[in-house]
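Student: Can you go through this structure with me? I'd like to take it piece by piece.

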Amino acid sequence: MPAEYLSTVFLLGIRPMPLPRKFAIITGWNPMDRPTSAAQNLLEDEALRRTLELKALPYFRATGCSPDRSHREPGWGVEIAKEDAITLGRRFGQRAIWWIENGNLTLIGCDDSEEIPVGKFDLRIVAEG
């Protein structure tokens, strides 16, 4: 797993308060860490959003960022079963998804389901800037 993943911080859009007890953050951007055009990333993001909508899953915008916010990958926070989140991550060509349960943040590999505990999610939520 790329080391950069472990320093990811999150910008959250309009979201449920309080946050769900269990949810995933999934992106469609830059499959398998390959830089992809803005147009293609937007198409994948919208395809993922539509998938969540068609499955009637509650979702909200959640953008993973480098700590200095110079790199951003918009995704979706979604109330979904962990196994289904991993499957959806695979479907969109992702190396990993984020899993939040009881306030704890875990990085989960989509190909092997390896779980890497990262810490408290609320410490990773940042403001725009």
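Student: How many bridges join strand β5 to strand β6, and which way do the two run?
Tutor: Six bridges join β5 (residues 96-101) to β6 (residues 104-109), and the strands run antiparallel. Strands here are DSSP runs of E with at least two residues, helices are runs of H or I with at least four, and both are numbered from the N terminus. Two strands pair if DSSP finds at least two bridges between them.

Student: Where does the model come from, and how are residues numbered?
Tutor: It is a predicted model, in which local features need pLDDT of at least 70 and side-chain atom pairs count only at pLDDT 80 or more, while totals for chains, interfaces and linings use all residues. Residues are numbered from 1 along each chain as its sequence is written, and side-chain values use heavy atoms, with hydrogens and water left out.

Student: Back to β6. What stands opposite Ile108?
Tutor: Ile97 does.

Student: What is the strand order in the open sheet?
Tutor: The order of the seven strands is β1-β3-β4-β2-β5-β6-β7, with antiparallel pairing. β1 (9-12) and β7 (115-120) are at the edges with a single partner strand each, so one side of each has no neighbour in the sheet. From one strand to the next, the twist averages 30°.

Student: Which strands does helix α1 lie across?
Tutor: Helix α1 (residues 38-54) lies across β2 (22-27), β3 (59-65) and β4 (72-78), and runs at about 5° to β4. Angles go from 0 to 180 degrees between N-to-C directions, with axes fitted to C-alpha atoms, for helices over the stretch in contact; contact means heavy atoms within 4.5 Å.

Student: New topic. How many aromatic pairs are there?
Tutor: Five. Rings of Phe, Tyr and Trp (its six-membered ring) pair if their centres lie within 6.5 Å; planes under 30 degrees apart are stacked, over 60 edge-to-face, and the rest tilted. One of the pairs is Phe10 with Phe121, which is tilted, at 5.4 Å centre to centre and 50° between the planes. Phe10 is in strand β1 and Phe121 in the segment after β7, 111 residues apart.

Student: Is Phe121 buried or exposed?
Tutor: Phe121 has 3% relative accessibility, so it counts as buried (under 20% relative accessible area; exposed is over 50%, partly exposed in between; 1.4 Å probe, protein chains only).

Student: Which residues form the aromatic cluster?
Tutor: Phe10, Phe23, Phe60, Trp98 and Phe121 form one cluster.
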